[in-house]
Each structure stands twice: as C-alpha cells, then as structure tokens.
Amino acid sequence: MELECKKDELRELIDMIDSEDTVNRVGKYLKRMLMREQPPCQYTIEELKKHLEEAEEDFRMGRVYTTEEVRAHFHKKYNI
C-alpha cells in the first residue's frame with residue numbers, strides 16, 4: 001500500500017508541472033530510470049573514504065599521470 005501512496009504523491013507533483021520542457025525532462029529521466037538494469041554506482045561512506053585514502057597514497061608515492069600523459073596513452077592505444 002505504501003507504494004501506491006508514493007505513486008499518488010508523484011502523480012500530484014506531475015500535475016503541478018506547468019512547463020512542457022519540464023514534463024519532457026521528467027519523462028526522459030523516468031524512462032532512463034525504468035530502463036536501467038542496475039542502479040547507478042552508489043558507494044558507502046566507508047568505501048568512499050577507502051578510495052580517497054588509496055588516491056592520497058598514490059599521490060604521495062608519485063603514482064600519478066599528467067593529463068598530457070593520459071591523453072598520449074589514449075591516443076596511442078586507440079590510434080587516434
């Protein structure tokens with residue numbers, strides 16, 4: 001029953017839209033969400049902290065690439 005209440009709330013919000021552009025944007029967003037097989041990547045706070053710590057360690061150890069180096073590698077790899 002709670003799902004139906006939430007759907008009713010969404011219908012009420014949609015009824016408040018007074019712009020065709022907004023309706024189109026909301027429609028596109030809903031279609032993308034409904035067609036998505038897997039939700040977007042959602043890290044926990046702990047996972048984000050771990051990734052940050054790893055990135056900071058890489059930086060401290062000099063394991064970094066300049067933008068130019070990354071571009072050169074990409075162009076070489078894909079023959080661009």
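The exercises below, each with a worked solution, concern a predicted model.

**Exercise 1. A nonpolar surface patch**

Task: Describe which residues form the nonpolar patch on the surface, and find which helix gives the largest share.

Solution: 
- Step 1. The members are Leu10, Leu13, Ile14, Met16, Val26, Tyr29, Leu30, Met33 and Leu34. Together they have about 890 Å² of accessible area.
- Step 2. Both α1 (2–16) and α2 (20–35) supply at least two residues of the patch.
- Step 3. The largest share, 5 residues, belongs to α2.
- Step 4. Valine 26 lies in α2 and is partly exposed, with a relative accessible area of 30%. Leucine 34 also lies in α2; its relative accessibility of 71% counts as exposed, because the cut-off for that class is over 50%.

**Exercise 2. Salt bridges**

Task: State how many salt bridges a search of the whole structure finds, then examine the pairs of arginine 11, arginine 60 and arginine 63.

Solution: 
- Step 1. The search finds 6 salt bridges. As a general principle, side chains of opposite charge can pair when their charged atoms come close.
- Step 2. Arginine 11 meets aspartate 8 with an N to O distance of 2.8 Å. These two residues are 3 residues apart in α1, so about one helical turn separates them. Arginine 11 is partly exposed at 43% relative accessibility, and aspartate 8 is partly exposed at 37%.
- Step 3. Arginine 60 meets glutamate 57 at 3.0 Å, N to O. Here the helix is α3, and the separation of 3 residues again amounts to about one helical turn. Arginine 60 is exposed, at 58%, whereas glutamate 57 is partly exposed, at 31%.
- Step 4. Arginine 63 forms a salt bridge with aspartate 58, their closest N and O atoms being 2.8 Å apart. Arginine 63 is partly exposed, with a relative accessible area of 47%, and aspartate 58 is partly exposed, with 29%.

**Exercise 3. An aromatic pair**

Task: Find how many aromatic pairs are counted, and decide whether the pair of phenylalanine 74 and tyrosine 78 is stacked, edge-to-face or tilted.

Solution: 
- Step 1. The count comes to 1 aromatic pair.
- Step 2. It is formed by phenylalanine 74 and tyrosine 78, whose rings are 4.8 Å apart, centre to centre. The cut-off for pairing is within 6.5 Å.
- Step 3. The angle between the planes is 45°. Planes under 30 degrees apart count as stacked and those over 60 as edge-to-face, so the pair is tilted.
- Step 4. Phenylalanine 74 is partly exposed at 41% relative accessibility, and tyrosine 78 is partly exposed at 46%.

**Exercise 4. Distances along the chain and in space**

Task: Report how far apart in space leucine 34 and glutamate 47 are, and do likewise for glutamate 54 and leucine 30.

Solution: 
- Step 1. Leucine 34 and glutamate 47 are 13 residues apart in sequence, and their C-alpha atoms are 27 Å apart.
- Step 2. Glutamate 54 and leucine 30 are 24 residues apart along the chain, and 35 Å separates their C-alpha atoms.
- Step 3. Glutamate 54 belongs to α3 and is partly exposed, with a relative accessible area of 40%.

Methods:
Residues numbered from 1 in each chain as written. Predicted model: local features only at pLDDT ≥ 70, side-chain atom pairs only at ≥ 80, totals over all residues. Heavy atoms only, no water. Patch = residues over 30% accessible without salt bridge, like charges linked within 9 Å, V, L, I, M, F, W, Y side chains within 5 Å. Areas by Shrake-Rupley, 256 points an atom, 1.4 Å probe, with all protein chains shown as cover. Salt bridge = Lys/Arg side-chain N within 4 Å of Asp/Glu carboxyl O. Helix = DSSP H or I, 4+ residues; strand = E, 2+ residues; numbered from the N terminus. Buried < 20%, exposed > 50% of the residue type's maximum accessible area, 1.4 Å probe, protein only. Phe/Tyr/Trp six-rings, centres within 6.5 Å; stacked < 30°, edge-to-face > 60°.
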